[in-house]
Amino acid sequence: MSLLEEGIASAAGVGISATRPDGKEKARGDFLFSNDLSAEDMLWGQTLRSPYPSAKIRKIDFSQALAIDGVHAILTADDVPGENIFGLEHPDQPVLAFDIVRYVGEPVAIVAANHPEVAKSAVDAIYVDYEQLDPLVNSQEAIEAAPIHPEGNVIRHLVINHGDPDAVGNVTVEGEYEVGMQDQAFLGTESGIAFPSADGGVDLHISTQWLHSDRDQVASALNLPEDLVRVTLAGVGGAFGGREDVSMHVHLCMLALHTGRPVKMVYDRNESFLGHVHRHPAKIWFRHSADESGALVKVEAKVILDGGAYASTTSAVLANACCFSVGPYRVPNALIEGWGVRTNNPPCGAMRGFGNVQTCFAAEAQMDKLARALSMDPVELRLLNALKSGDTLITGQKITGTAPVKEVLTSLSEHPIPKGVEGDLLELPGGTGRTTDNSHVKRGIGFAASIKNLMFSEGFDDFSEARCIVVDGEVSIQSACVEVGQGFVTLVNQIVEETLGVSEAVILPVDTSIGSAGSTSASRQTWMSGGAVLKACEAVVNALILELQNENGGEYEKVGLNLVPKDGSDSISIAVALRGRNFDEHVTHRHLPTFPLDHNGQGNAHVSFAFAAHRAVVDVDQELGLVRVVEIATSQDVGRILNPVQARGQIEGGVAQGLGLALLEELVLIDGKIANANFTDYLLPTAMDTPPIEIAAFIEQPEPGAPFGAKGIGEPPVISSTPAIVAAIRDATGFELNRVPIKPEDIALNGL
Amino acid sequence: MNFLIASSTEDLCELLAEDPSRQLLAGGTDFMVEVNFRHRDVSEVIAIDRIEELKQWRHDGDSVLIGSCVTYREIERGALSTLIPALAQSARTIGSPQIRNTGTIGGNLATASPAGDMIPVLLALGALVNVRSRSGVRQLQVDELITGVKTNSLREDEFIESVRVPVLRGPQEFLKVGPRNAMVISVSSLAMVTDIDREYIGIALGSVSASPCRSTDAESFISENIEWNSMTVRSGAIDNFERLVRESASPIDDHRSSSAYRTHTIGVLGRRALLRIFRLEN
Amino acid sequence: MGIAQESNQYELTVNDSKYVISGSWLGESLLYVLRERLGLYGSKNACEQGECGSCSVMMDDVLVCSCLVLAANAEGRAIKTIESVAEGSQLSDVQEAFIDTGAIQCGFCTPGLLVTIHDFLDSNPEPEESEIKEAISGNLCRCTGYGRIVEAVQLVSIRRSGRDI
């Protein structure tokens, strides 16, 4: 569905490609990102970071730095007013390093000055006496190595033991796989501004994914009650998981409170790479066993995720990686063992896909290996084993919602394959580099499928609050749901249109004056915050009906967007009925509870599941190892499409990130230090690297319990796109290719 | 701290003679990256991108004289691209449209990166660089100008005024290997230029040595195996040619690529360029 | 490295208005000055290296990365930023197309892309898809995968040629 084919529909209600309400502002360049904030009298903050992956801090001397004209404050660990510790799942990381640094980039001191260059000069002038230690950089060794943190090196060890461990099939395939460190690389770098306030509190304006989690961690570090820490969302230039953790939040507030002035901080691109968590690198061993028909009998795996120096969300990422390691297939027996370990590498945490990405790459390679061993078509093998509603996962949880894996696979495999075209230069691998002629090219096709759990898991009490306020018929929505670009703001308007028949609600500023909406992550916001907004609007309708009934004596029935009196008199539209009336409905929306995993990794730990499959067509210049992705097609299980254009946008953007992991993106670590913390050498796909993305089908089987029946869309596109591309390259070359991202030399020098 | 705008080449000579520590700013695409990331102190800067003479080029019979501030964009498109196709091909691969609009041929030479994309082409063509100061003009071969990694032999008070680039009569090729299709630093690159009348072949390599270099052994060898009238090459010579190209490279391992891959690919590029220009005999 | 506030003074012409910049540090890029001294925050800083295009502006009708222009050297040149693309409250046709096709998600890359595309379409009114992609190859987008952006350019081209969608 492309606009050019279908034309522009009028924007209204759910299911239509409504245009985003902030589009005009963003197109004009008027939309204020956190980078764009400023205040009278503001100072600029800057952070001193550790140059070493592991070192003791013997002494910090900032006397020279403090003497620089224009420097207003230099703060260290001693200046942290409250607990010098924070962490998203679990506090294990200092706000400012005290006696030891555990990764390159760890914050050691912060500066406030009257010009960013003065602040940078001051940072350069701070002397830290480090005693370097041998860094622990090997994730496998980390398990047994001497602890680099009081809480030890194993952040989590998880075992999933399902069915019969001795079961064995007729055909067995085994492999070792590796996934490199990908980065979220959102374009709008970390930035924000903190204002000290007269009540002794602080107002923080920042781009983030979860206001309340930030607020809580900041309050604890500042030793302030939560209501004195007010967080307001500033415009977010992309997130993809990289903004879930606190970065500069406490630092900004400390500097503001200390100097008594507003303080702004902006990370440049290099510092941004150091300043947020990354995708966990992974080492995975798999053994798949099937009977001669291809039905999976048992899957075994060992998964090691390198969590880097601090825990962040390693525990949850590991759980996802293991629970969904086998993929969207029925597996009667499984033994999966996983470790999330601590090393002196840069800390890792949430990135779109959240653990499912790493094991999916390996598991889908295994499925293709199995298909080859059985002389079966790879899609047929997947169809044979595909999960369906009512099946049980390897965690013992039965899928009670929809699971149209077969429909996803079938619709994709039936989608026409692009014709081989001898196109111009830009259609060839190497592009304008002119390295390749048509005779050097071999085409390959590959498939992969994935499962992603939606929302949080393992008993986490997730909820979202929303408020629908009507003043004289004008509707405002208050929610702390963070818009990172995904289009939640559009959905709010559509929900209001759908439930109240009112177009263009006012979306109130997003801040902590209302309760939490939870994180914009885990493909959860449509379900949770969309659900909360829906509930709040429905509560207004109910209150309206009650009011009308009290006024008029008779009963009313809601029919579509109208209220129909049971006595047969004229119906009235909700929108018209709201005029002149005031309502204020504040609701909290929760999903059904989930439960922890037991010592065998069994438990009803997840809420809902979304499935997707991808097909990649690639042209490979094997001699040079250059790959051009010709097309990526996908089918995705979406429950219900709420906005086709926005859904397409999520898919295209996610697939591009999957392509990045397959071919381009890796933070190269040398002894714990990132060698390519810049856009020159951390390569994001450009428009010339990104192929047309075909949507073969949106499979719409409404999910019970989900608002509108809609499943989250954001993560599935990132998960099986990577292994589909690798499978296509294997098809073209015959090479194993067990590591992503694939470098050209992995192809060109393969076996040489 | 001073910012000066040079209005003419004479003006520039004087400004540099007066204070040779002054830094020259042309397109800014290397200069400003260094300033932005605090790798370059700016105390006295002379902008040279307003000097009209430096922004012109002209065709003088068998060569073009290109002012040092002619941009990649102008070289990529228009008349220059027909006169020196390989230079236009290399220009097209540099950076992005934005970068190509301001980056200059003089900057590519003066920065002297081992991966500077125009440099192998200029080397293969036998271009001469006109370097000027108040004392006069001297002419340097490209490999006399570029002496090492990001090192040029310009004296303190000198600037690159223009580049004299031979216009050859024959096919020419520029090939560049990089892991991404746009905005990519080359991992290996190769320029091959021919002049049928003079029976000349020039081959130069980029990103596989401290400075881009000519592949003279490969040039001599293949010259003996080329039949210029028919533009054919002896098929039995290809493997040895490829080996000689590889042997003229001395690449390193770095975070972008390995020396093994660079060596392998430079040979492949040599072979492919050769077989685009010449047919196999029989 | 000092950044003493010298008597460095120069005049910039931005979106047809003149501004005097004084007391600045010589090394400031045009991007920095546009944003932090002139309050024109539309041009964005996502890399400061010329690798992302989010700072794209027009300088004497040439598309450039403003992070790579020394602000003092922009004196005497006509600078046009994203802020000049719309005419008052009237969005340009490219801006409208971006909204219509869903080419905007977080919006950080949008200003740079709009400046780039306006420049591109001025000299390429009926571009092939591959030409569009090469024209925007210097503008990174992390959210959209470029699909809707390319469609927006095609939509403008169609609309300008008189066919209505």
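Q: Buried area is the accessible area (1.4 Å probe) that two parts lose on being put together, summed over both. How much do chain A and chain C bury between them?
A: This is a predicted model, in which local features need pLDDT of at least 70, side-chain atom pairs count only at pLDDT 80 or more, and totals for chains, interfaces and linings use all residues. Residues are numbered from 1 along each chain as its sequence is written, chains are lettered from A and ligands numbered from 1 in the order in which they are written, and side-chain values use heavy atoms, with hydrogens and water left out. Carbon and sulfur atoms give 60% of the area between chain A and chain C, and the area is about 4800 Å².

Q: How many residues does the contact take from chain A and from chain C?
A: Contact means heavy atoms within 4.5 Å. By that rule, chain A gives 65 residues and chain C gives 59 residues.

Q: Which residue of chain C forms a salt bridge with D36(A)?
A: A salt bridge is a side-chain nitrogen of Lys or Arg within 4 Å of a carboxyl oxygen of Asp or Glu. Between chain A and chain C the count is 5. For D36(A), the closest N and O atoms are 2.6 Å apart, and the partner is K44(C).

Q: Which element gives the most to the side of chain A that touches chain C?
A: Helices (H or I, at least four residues) and strands (E, at least two) are DSSP runs, numbered from the N terminus. Elements giving two or more residues to this side are α1 (3–6), α2 (23–28), α4 (116–125) and α16 (644–663) of chain A. With 8 residues, the top contributor is α16(A).

Q: How far apart are the centres of domain 1 and domain 2 of chain C?
A: Domain bounds come from an automatic or database domain assignment. Chain C is divided into domain 1 (9–81) and domain 2 (93–161). Taken over C-alpha atoms, the centres are separated by 22 Å.

Q: Which residues in domain 1 of chain C lose the most area to domain 2 of chain C?
A: The two domains bury about 870 Å² between them, 65% of it from carbon and sulfur atoms. Together, three residues of domain 1 account for 40% of what that side buries: K44(C), C52(C) and L63(C).

Q: Which strand gives the most to the side of domain 1 of chain C that touches domain 2 of chain C?
A: The contact takes 14 residues from domain 1 of chain C and 9 residues from domain 2 of chain C. On the domain 1 side, 3 residues come from the top contributor, strand β3 (residues 56–59) of chain C.
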